[in-house]
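Visitor: I'd like a close look at one part of this model, please: the place where two of its chains meet.

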4 protein chains.
Amino acid sequence: MTILTSNNPACITVDGFKQLLKDAHPFSELLEIEIIEIGHGTSVLLLPERTSHQRLGGMIAGPMLMGLADLALYAAVVGATGNAAAVTASLSINFLRKSPPGGVLANCKIVKTGRLAAGEVSLVPAAGGEPVAHAISTWSLPKSST
Amino acid sequence: MTILTSNNPACITVDGFKQLLKDAHPFSELLEIEIIEIGHGTSVLLLPERTSHQRLGGMIAGPMLMGLADLALYAAVVGATGNAAAVTASLSINFLRKSPPGGVLANCKIVKTGRLAAGEVSLVPAAGGEPVAHAISTWSLPKSST
Amino acid sequence: MTILTSNNPACITVDGFKQLLKDAHPFSELLEIEIIEIGHGTSVLLLPERTSHQRLGGMIAGPMLMGLADLALYAAVVGATGNAAAVTASLSINFLRKSPPGGVLANCKIVKTGRLAAGEVSLVPAAGGEPVAHAISTWSLPKSST
Amino acid sequence: MTILTSNNPACITVDGFKQLLKDAHPFSELLEIEIIEIGHGTSVLLLPERTSHQRLGGMIAGPMLMGLADLALYAAVVGATGNAAAVTASLSINFLRKSPPGGVLANCKIVKTGRLAAGEVSLVPAAGGEPVAHAISTWSLPKSST
């Protein structure tokens, strides 16, 4: 069981992760998410403002926020383990309030690795303010060929 | 508290729901989901097979499946209540197994309405077989202008 | 990956499971839950009516219902796998409505086994009526010595 | 929508909360949880070490940890709102690792209040070390007579 409060370097760089998405994860183009930072069990990603991401009332639609949370978890899990074959086992999200205009930042932290990894993500307005959603998630780490 | 085992007709038709998506939910075009059926607290939706929905290993990416589950819940909540202003309050999903080739069907059932609605969605391969994911969710029902 | 729609017999009997609880799970005495039925990936358990289980308003307290759901999942996982070392990895529950007087039945069904198991539980009044809670859960299956 | 980073005092004292549990929440005696601290949307509770809380392998059983998390959320919700009629609407928990010997502390923080409240709880060994579980939860806030 890895203790994740280490100062170890990330197992993948931002550029390496972008290349991984481009090579092997076609879905990631749909959401146009920017990868800001990846650490050893942490990540910061940005969902830019897009009219095409909205639902009734001008809110950012739930599926966009869930996609952002899931990709932030993937970045942080790969950052902690180097295992690109990691897959979501479970994800639970609470939607807290309507997002104000502007993009949304995901701040992710992995709290356990092992056979399963687990982590949390806070989604906050890029312009500042109270969180718009909060998720926890477990990930399965298959024996990887990466 | 509405008992949902009624034979009441849906509060919205499939065509009415498609129009609602087109008019007010720009995000829904991204996923290209087909609305198959809406009842009073039930829905069946189809996520068609798309290379652009895949992640590493040729699996359908988690965010696509979460988007499918969320939209199926929205259709069933509007089918039960007519309240288009309904928003996801919480969603929890377990990913069970890799989806085989082909589309994925969402079968959704609302189990409670009131100030909050709650429901579940089973995601199954359109070609048949064991479920690929299973979600439960609560929805907030603001006083609606719809 | 086991297909769970089989007619295989349960890997443990009700009496064997009661003995397992008595021998190795001291906590299970606290809730006084009755084991009604265990199948290959299914279980039915009963939380009897107790004043000591109540919270403000005469409702059965959430922790009692979560305990019932968790034990029903354990029974069904052991019923499907024989692995008594199984532990909860994640559990998500929606509370739907106040329970009427009387006990509460848990109906549990495992939908996947493998490195992880997953299942769902519906909690319904023993006297009949709409469900009071609904949970989904994943379980880790360590290599067992059982 | 209340911003919860305020320095407002808690809407209930530790002693007032203990009295509320004694008067109206019989279930709370079962778990023997100690109320350490309650703030305006925060709480710290302690589950003391008890053989009667254990499951196979000498671990603290999941239902005890879920009970601890739920009661910590209740304390923090009442601390933020004064609404004793608040009830859990949803709770999702990830179990991260076996708890070492000794008690378990719950550190809870409410991140939203309104028609629904939402919060998170981290469960950590009282003796120090990595978290053993992590939960997020939503609460329904009925119009209260408190």
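How many bridges join strand S5 of chain C to S5(D), and which way do the strands run?

Guide: Happy to walk you through it. This is a predicted model, in which local features need pLDDT of at least 70 and side-chain atom pairs count only at pLDDT 80 or more, while totals for chains, interfaces and linings use all residues. Residues are numbered from 1 along each chain as its sequence is written, with chains lettered from A and ligands numbered from 1 in the order in which they are written.

S5 (residues 87–95) of chain C and S5(D) are joined by five bridges and run antiparallel; strands pair if DSSP finds at least two bridges between them. Strands (E, at least two residues) and helices (H or I, at least four) are DSSP runs, numbered from the N terminus. Within this pairing, C:Ile93 has D:Leu91 as its bridge partner.

Now for the wider interface. Here 29 residues of chain D are in contact with 30 residues of chain C, contact meaning C-beta atoms, placed from the backbone, within 7 Å. On the chain D side, S3 (54–55), H3 (62–81) and S5 (87–95) each supply at least two residues, and S5(D) gives the largest share, nine residues.

The helices meet too. The axes of H3 (residues 62–81) of chain C and H3(D), lines fitted to C-alpha atoms over the stretch in contact, come within 9 Å and cross at roughly 155 degrees. Angles run from 0 to 180 degrees between N-to-C directions, and those over 145 count as roughly antiparallel, so H3(C) and H3(D) are roughly antiparallel to each other. Among the residues that meet are C:Met66 and C:Asp70 in H3(C), and D:Met66 and D:Asp70 in H3(D).

How values were computed. Two residues are in contact if their C-beta atoms, placed from the backbone, lie within 7 Å. Angles under 35 degrees count as roughly parallel, over 145 as roughly antiparallel, 65 to 115 as roughly perpendicular and the rest as oblique.
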